Amino acid sequence: MLKGISKIISPELLKVLCEMGHGDELVIADGNFPCESVGKNAVVIRADGCGVPEMLEAVLALVPLDAYSEKPVALMEVVKGDTVPTPEIWAQYDAILNKYEKDNCDIEYMERFAFYERAKNAYAIIATGEEAVYANVLLKKGVVK
């Protein structure tokens, strides 16, 4: 065990976060995300017992976002015609992002299939058990200073 690292960060995930370089992307996926098929070229890490907000907080405590990217965070926008309102979970993301990245947390909202295509190039995908819909988050890693 290590001090100061969330218990939901597994040794495998800690290794992957260390391996990632500036500009590499990480998806924290909800339980409905097709992690294995989209992540064929990524490291897929299972974290089924945890939700996306908890994982987002644990990751951002260790990894900075890309200060050189206009929008280092991406969310899958609600599909047009879907009766789902703006996902409530997004407010939790705003609070977490503001806690760790006050000046660098602009969010890009991506069409569903564009999000999937971008996620195919992610370095890693964390598969959570999050049950909220539209809860996927894509992060672009920055430089540790």
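Reply: Cys50 counts as buried, at 10% relative accessibility, where buried means under 20% relative accessible area, exposed over 50% and partly exposed in between, with a 1.4 Å probe and protein chains only. Before going on, please keep in mind that this is a predicted model, in which local features need pLDDT of at least 70 and side-chain atom pairs count only at pLDDT 80 or more, while totals for chains, interfaces and linings use all residues. Residues are numbered from 1 along each chain as its sequence is written, and side-chain values use heavy atoms, with hydrogens and water left out.

A disulfide is taken as a pair of cysteine sulfur atoms within 2.5 Å, and by this rule the count is zero. Cys18 is in no disulfide, and its nearest cysteine sulfur, that of Cys50, is 18 Å away; Cys18 is exposed, with a relative accessible area of 60%. Cys50 is likewise in no disulfide, the nearest cysteine sulfur being that of Cys35, 12 Å away.

The part to look at closely is helix H3, which covers residues 52–60. Helices (H or I, at least four residues) and strands (E, at least two) are DSSP runs, numbered from the N terminus. Seven of the nine residues of H3 are buried, so this helix is largely enclosed by the rest of the structure. The buried residues are Val52, Pro53, Met55, Leu56, Ala58, Val59 and Leu60. What covers them includes helix H1 (11–19), strand S1, strand S2 (43–47), helix H4, strand S5 (124–128) and strand S6 (137–140).

Among these covering elements, helix H4 (residues 89–100) packs with H3 at an angle of about 10 degrees, and the axes of the two are 10 Å apart. That makes H3 roughly parallel to H4. Here axes are lines fitted to C-alpha atoms, for helices over the stretch in contact, and angles run from 0 to 180 degrees between N-to-C directions; those under 35 degrees count as roughly parallel, over 145 as roughly antiparallel, 65 to 115 as roughly perpendicular and the rest as oblique. On the side of H3, the contact, meaning heavy atoms within 4.5 Å, is made by Val52, Pro53, Leu56, Glu57 and Leu60, and on the side of H4 by Ile89, Gln92, Tyr93, Ile96, Leu97, Lys99 and Tyr100. By class, this contact has nine nonpolar, one polar and two charged residues, with Ala, Val, Leu, Ile, Met, Phe, Trp, Tyr, Cys and Pro counted as nonpolar, Asp, Glu, Lys and Arg as charged, and the others, Gly among them, as polar.

The loop between S5 and S6 is the place of Tyr134, which has a positive phi of about 55 degrees although it is not a glycine. Tyr134 is buried, with a relative accessible area of 10%.

The aromatic rings complete the surroundings. Rings of Phe, Tyr and Trp (its six-membered ring) pair if their centres lie within 6.5 Å, and planes under 30 degrees apart count as stacked, over 60 as edge-to-face and the rest as tilted; by this rule there are four aromatic pairs. Phe33 and Phe115 form an edge-to-face pair, 6.1 Å centre to centre and with 85 degrees between the planes. Phe33 lies in the loop between strand S1 (25–29) and helix H2 (35–38), and Phe115 in helix H5 (residues 112–119), so the pair ties together parts that are 82 residues apart in sequence. Phe33 is buried, with a relative accessible area of 6%, and Phe115 is buried at 0%. The rings of Trp90 and Tyr109 have their centres 5.2 Å apart and their planes at 45 degrees, so that pair is tilted. Trp90 lies in H4 and Tyr109 in strand S4 (residues 107–110), so this pair ties together parts that are 19 residues apart in sequence. Trp90 counts as buried at 10% relative accessibility, whereas Tyr109, at 40%, counts as partly exposed.
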